[in-house]
Structure formats: structure tokens, C-alpha cells
Amino acid sequence: MSDSSPLRGVIVSHAAVAQALVSAVSVITGIDGALTPVSNEGCGTDALAERLNKAVGSGPAVLFVDLPGGSCLTSSVRYAKQHADIAVVTGVNLAMLLDFVFHRDVAPAEAARRAADAGGKAIRVTAA
Amino acid sequence: MSLALYRIDDRLIHGQVVVGWGQPLHCTFIVLVDDEVRASDWEQDLYRMGVPPDMEVIFASVAEAARQMASWQTDPRVGILLVDTAVALVEHAPQVHTFNVGGVHHRAGRTERLRFVYLTDDEAAKLRQLAARGVEVTAQDVPTAPAIPVGDFT
């Protein structure tokens with residue numbers, strides 16, 4: 001990746017899902033600072049945009065959104081349209097984040113594709 | 001059954017609407033009335049992403065909504081109508097007699113009226129004016145919560 005800023009992951013969720021995922025990644029990997037949680041709790045469109053702006057900062061980022069629709073996604077896509085080097089992935093899960101924090105030396109779009117693949121592979125129906 | 005819910009919600013289509021209300025109401029169509037969204041293809045695509053494929057989404061301007069309201073109100077399916085603000089729609093579509101204030105969030109000039117409703121004094125006054133004209137206005141974020149009369153939060 002040509003940009004010198006480290007690729008950041010921002011989790012955008014309802015309620016406290018994002019914070020819980022950040023904590024879980026930290027506990028499992030020992031990596032802190034790669035992910036930032038953003039909750040839409042109590043936010044209208046403008047307030048959520050402000051939270052996103054603060055969480056992303058100036059560097060490239062992947063926005064991990066909880067649902068493939070709704071206010072978290074609409075705000076994230078609007079943000080990505082207005083800023084360079086931002087990719088958006090929906091359906092965030094712990095598996096994709098665990099993969100992401102170890103593979104941040106690529107461009108946001110590539111990191112997003114990789115994370116989506118890792119997250120999708122983690123969804124299985126297991127034998128009883 | 002027609003339109004089962006007329007909702008003021010500045011997030012428009014989101015989980016609380018599609019799942020929280022849509023499931024218990026057995027809603028199969030959503031009417032999103034917003035002039036800006038009506039004019040933006042990518043925003044329509046974005047809002048459509050949050051809706052199951054078997055649920056139709058109709059995007060309308062306020063003027064279009066005024067013309068189509070009667071057909072939506074007699075549609076055999078169950079629908080939800082969403083607006084960011086009710087005043088313009090009621091001006092153009094007086095056959096709307098009820099509004100659920102579902103989510104109006106904080107921004108400059110607004111103060112907290114309920115956990116999920118922030119209004120300027122002018123916005124609060126406009127809701128009271130709607131009520132005075134015979135429109136039933138209550139605040140209720142999800143179906144399991146009590147409906148709060150307009151006089152109790154404005």
C-alpha cells in the first residue's frame with residue numbers, strides 16, 4: 001500500500017455490538033488500535049456522520065457495518081462516497097475482523113474483499 | 001389493510017422499521033416519501049438494500065405521494081409510509097390522519113423530548129398544530145413500547 005498511514009478498521013453498528021467486537025479482537029489477538037467502534041445509538045444522520053469522521057481520521061479505512069441496510073450502512077456509504085480510500089463491508093463478524101487485523105498492508109478495497117471472504121467462510125451449519 | 005403505519009423517522013428505512021414494525025405488521029410494502037431520495041438513484045439503491053426481496057419499496061416525492069395516497073390506502077397489502085418530516089405531506093395529502101413519531105434525532109437547535117425524539121420549539125409547535133387539526137400524533141419507537149400522546153412530548 002502506498003499510503004503511509006496504517007489501514008484502520010471502523011466497526012459501525014447498532015447498540016454496543018461494535019464495542020464488543022473490538023474487545024473480543026483485542027482479547028484474542030492482543031492487537032489494540034487497529035479497530036475503532038462506532039455506535040449509531042441516539043444518532044441521526046448528521047451525528048453518525050460526525051462519529052464516522054472522528055473514528056476514521058485522515059487515513060485509509062475499511063468500514064465494517066453490521067447489517068446490509070439501515071442507518072449504519074447508509075451513513076457509511078455516504079461517507080465512503082465523499083472520501084477517498086474508504087471501503088465498506090456489511091455483515092461484520094468476529095472472524096472477518098480477526099483476519100483483517102493481521103492483513104492491513106493492502107489497499108482498503110482489497111482488505112474489504114479479503115475480510116468479506118474470511119467472514120463468509122466462518123458461517124457454517126455444524127453437525128450436532 | 002392498506003397503510004398500517006405513517007411514521008416520521010429521520011433514518012427513513014432502517015432495522016427498527018423493517019424488522020421491528022414490519023414483522024409484526026406483516027408489512028409487504030414500504031412507501032418512502034422524500035424529495036431528495038426520490039431524485040437520487042444511488043440513495044434509492046442504498047435504502048433498498050435494507051429491505052427483504054419480498055418487500056416492495058416505493059420511492060415518492062411529496063407531490064407524487066399526494067397523488068398516490070388513495071391507492072396506497074386501499075392497497076390490499078399491508079404497508080408502512082415513511083417521512084423525514086410530516087408537515088409537507090399533510091399539507092398535500094390531508095387524508096393522512098395519524099402519525100407515529102418514531103425517531104427524530106439530535107441536531108443543532110433541538111432539545112431532547114424523549115429518548116428517541118429531539119425537536120426544536122418550532123418543530124414541536126408544528127406537531128401540536130397537526131394534532132389541533134385532527135391528526136393523531138403519538139411517539140412510539142417500537143411496537144412493544146407505549147404510544148405517547150403529542151401533548152406529553154412537545
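In the predicted model, four residue pairs are found in polar contact across the interface of chain B and chain A, both residues of each pair being at pLDDT 80 or more. By class, the side of chain B that touches chain A comprises five nonpolar, three polar and four charged residues. Two salt bridges are counted between chain B and chain A. A salt bridge links Glu43(B) with Arg78(A), with the closest N and O atoms 2.4 Å apart.

The interface was also described by its contacts and its area. In total, 12 residues of chain B are in contact with 15 residues of chain A. The area buried between chain B and chain A amounts to about 1,200 Å², and carbon and sulfur atoms contribute 58% of this area. Within chain B, the most area is lost to chain A by Arg11(B), Trp42(B) and Leu46(B), which together account for 43% of what that side buries.

Arg78(A), the partner of Glu43(B) in the salt bridge, is one of the buried residues of helix H3(A). This helix spans residues 71-82 of chain A and has 12 residues. From its first C-alpha to its last, helix H3(A) reaches 17 Å, close to the 16 Å expected at 1.5 Å a residue. Helix H3(A) is mostly covered, with 10 of its 12 residues buried; among them are Ser71(A), Cys72(A), Leu73(A), Val77(A), Tyr79(A) and Ala80(A). Within chain A, the buried residues of H3(A) pack against strand E1 (8-13), helix H2 (45-56), strand E3 (61-65) and strand E4 (86-90). The buried residues of H3(A) also pack against helix H3 (41-49) of chain B.

Terms used: Residues are numbered from 1 along each chain as its sequence is written. Chains are lettered from A and ligands numbered from 1 in the order in which they are written. This is a predicted model: local features need pLDDT of at least 70, side-chain atom pairs count only at pLDDT 80 or more; totals for chains, interfaces and linings use all residues. Side-chain values use heavy atoms; hydrogens and water are left out. Helices (H or I, at least four residues) and strands (E, at least two) are DSSP runs, numbered from the N terminus. The expected span of a helix is 1.5 Å times one less than its number of residues. Buried means under 20% relative accessible area, exposed over 50%, partly exposed in between (1.4 Å probe, protein chains only). Contact means heavy atoms within 4.5 Å. Buried area is the accessible area (1.4 Å probe) that two parts lose on being put together, summed over both. A salt bridge is a side-chain nitrogen of Lys or Arg within 4 Å of a carboxyl oxygen of Asp or Glu. A polar contact is a pair of N or O atoms within 3.5 Å; within protein, one must be able to donate a hydrogen and the other to accept it, and residues adjacent in sequence count only if both atoms are side-chain atoms. Ala, Val, Leu, Ile, Met, Phe, Trp, Tyr, Cys and Pro count as nonpolar, Asp, Glu, Lys and Arg as charged, and the others, Gly among them, as polar.
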